[in-house]
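Please look over the sequence and the structure shown below, and keep both in view while reading the report that follows.

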Amino acid sequence: MAASVEITGAEASERIERHKGIDRLFHWTTAVAVLTLMGTGLLPVVGVKFEWIKIHWIAGVVLAALVLFHLVRAVFWQSLRAVWISARDVGARRGGKYSIAQKLMHHAMALMVLGAVGTGVVMLAKVDTPFWKRNPYLLSADTWGTLYVIHGLAALSAVTLVMIHVYFGLIPENRMYLRAMIRGWITRQELVTRHDPERWPGKKNP
Amino acid sequence: MEFVRVSHDAWGQQVLEGVSWHLLPYAVALGAVVIIGHAVYRLVRGKHGA
């Protein structure tokens, strides 16, 4: 993608903080939890049989804790406006901190994870753990069925969304975002090329 | 195509079991369509020097 704004000298390569270490840690632990849940939930469906339930519910509890952490951090420490889709995003060549595509992916992932975690937390009542004994009669059969449908739909959408997310994370024009999610920064040149500095001026990477 | 799995309880009533796993290949196909579609778009855009 051609740069619309060229800056020169040392300023171009100045490092701008995009993701703090705590947010990168959140992202990658969430990725491990989601992939573990997908593997343990879907491999038995395609015929790979193993003792999956214990790994699945533990990874689910980890994901629920991560979601809770992210919700609290997003509300109290981050700017919700950064992920809010506004009229300015539609048709804009350069977005704020996140492009409209990144916001849509975030919201689709959020919906999928909340659907899976919200139903999964209730489904914990159906497994024996060191902390409680299973109680399959907590809800009616119809209600359990509805929860399983929502949980399954979340699992299916996870497959589609993870495929798309990984693809867009790996293509060359987005490599800077992959670097930012690993090392935390993009350059000033990358910022002005892909982002509107009025909406996201960026701060120097510490 | 079935969208949900159902079974029958001891009284012969239908019980909802969950989403149909026959939908799994469609979820994979949807992801593949988006990826291939975008890859083709990149190729065409690149050829036209955009």
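## Position of A:V72

In this predicted model, A:V72 is found in helix α2 of chain A, the helix that covers residues 53-76. Is A:V72 buried or exposed? A:V72 has 10 other C-beta atoms within 10 Å, and because a residue counts as exposed when that number is 12 or fewer, A:V72 is exposed.

A:V72 and A:L191 are 119 residues apart in sequence, and from C-alpha to C-alpha they are 27 Å apart in space.

## Packing of two helices in chain A

Two packed helices are described by the angle between their axes and the distance between the axes. In chain A, helix α1, which covers residues 21-42, packs with helix α4, which covers residues 141-170, at an angle of about 125°, and the axes of the two helices are 11 Å apart. Because angles over 145 degrees count as roughly antiparallel and those from 65 to 115 as roughly perpendicular, the angle makes α1(A) oblique to α4(A). The crossing of α1(A) and α4(A) is left-handed.

Which residues make the contact between these helices? On the side of α1(A) they are A:V34, A:M38, A:G41 and A:L42, while α4(A) contributes A:A155, A:A158, A:V159 and A:V162. Sorted by class, the contact of α1(A) with α4(A) has seven nonpolar residues and one polar residue, with no charged residues.

## Where chain A meets chain B

Helix α4(A) also takes part in the meeting of the two chains. In total, 17 residues of chain A are in contact with 16 residues of chain B. On the side of chain A that touches chain B, the largest share comes from α4(A), which supplies 15 residues. By class, this side of chain A has eleven nonpolar and five polar residues, together with one charged residue.

## The form of chain B

Chain B contains one helix and two strands, and when the chain is read along its sequence these elements follow the pattern β-β-α. Along its principal axes, the C-alpha trace of chain B spans about 65 × 15 × 10 Å.

How does this chain compare with a compact globule of 50 residues, and what is its radius of gyration? Such a globule would have a radius of gyration near 10 Å, whereas chain B has 20 Å. Of the 50 residues in chain B, 4% are buried.

Conventions: Residues numbered from 1 in each chain as written. Chains lettered and ligands numbered in written order. Predicted model: local features only at pLDDT ≥ 70, side-chain atom pairs only at ≥ 80, totals over all residues. Axes fitted to C-alpha atoms, helices over the stretch in contact; angles between N-to-C directions. Helix = DSSP H or I, 4+ residues; strand = E, 2+ residues; numbered from the N terminus. Parallel < 35°, antiparallel > 145°, perpendicular 65-115°, else oblique. Left-handed = near helix turned anticlockwise from the far one by under 90°. Contact = placed C-beta atoms within 7 Å. Nonpolar A, V, L, I, M, F, W, Y, C, P; charged D, E, K, R; others polar. Rg over C-alpha atoms; globule rule 2.2 N^0.38 Å. Buried ≥ 20, exposed ≤ 12 C-beta atoms within 10 Å, placed from the backbone.
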